[in-house]
Amino acid sequence: MAQMNRQWRLKRHLASGEVPSREVFTFGEGSIPEIAPGQILVRTLVIGTSPAQRSYISLDRSMHTKVQVGDVMRGRSIAEVVASRHEAFAVGEIVSASSGWQEYAALTPNPIPGGIFDVLKIRRDRKSTRL
C-alpha cells in the first residue's frame, strides 16, 4: 500500500466572533507530492499554531491572505527533509518552513537577503540526535 499525505483542510470559513474548532476543518488523505529540480520534500514533525491563523480562516477583515475552502490549512512546521533536489538541502536535515497542516510538503526554498533561505535549517546538537 502506498503511503499517503495526511492533511487538515478548511471546510468552511469562521463566522465573525466564532471560536475555531474541529468543525471548521476536514481531516483526510492526499498524495505525497513529487518534487521538481530545486525543491525539497519534507515530512512534518511538529505543526505550529499562532493567533494569526484565526485571521487566515475568518471572513473578517485582515491583512493576511485567506485560506480558501478546500485548501490545506496554512502554518509553519518543524520538518525533516526526506528527499531533495536542491543543492543547499540534504536528506535528514531538520528545517523550519511554511508547510501547512499536512504530513508531507514539496517546498521550493527561495533565497532571501543575507544569504539565507525562507526555509530555515535547524542545527542539531552534535553529541546527540536531540534538536
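I took buried to mean under 20% relative accessible area, exposed over 50% and partly exposed in between, with a 1.4 Å probe and protein chains only. Strands are DSSP runs of E, at least two residues, numbered from the N terminus. The model is predicted, so I kept to its rules: local features need pLDDT of at least 70, side-chain atom pairs count only at pLDDT 80 or more, and totals for chains, interfaces and linings use all residues. Residues are numbered from 1 along each chain, and side-chain values use heavy atoms, without hydrogens and water.

Entry 1, β5. I checked strand β5 (residues 94-98): four of its five residues are buried, so the rest of the structure largely encloses it.

Entry 2, pairing. I count two strands as paired if DSSP finds at least two bridges between them. β4 (residues 76-84) pairs with β5 in the antiparallel sense over five bridges, and E80 stands opposite I94. β5 also pairs antiparallel with β9 (residues 120-122), over three bridges; there I94 has I122 as its bridge partner.

I read the order as β6-β3-β4-β5-β9, an open sheet of five strands with antiparallel pairing. β6 and β9 are the edges with a single partner strand each, so one side of each has no neighbour in the sheet.

A nonpolar core is a set of buried Ala, Val, Leu, Ile, Met, Phe, Trp, Tyr and Cys residues joined through side-chain atoms within 4.5 Å. I found that the largest has 10 residues, including I40, V42, F89 and V95. β3 (40-47), β4, β5 and β6 (104-107) each give it two or more residues.
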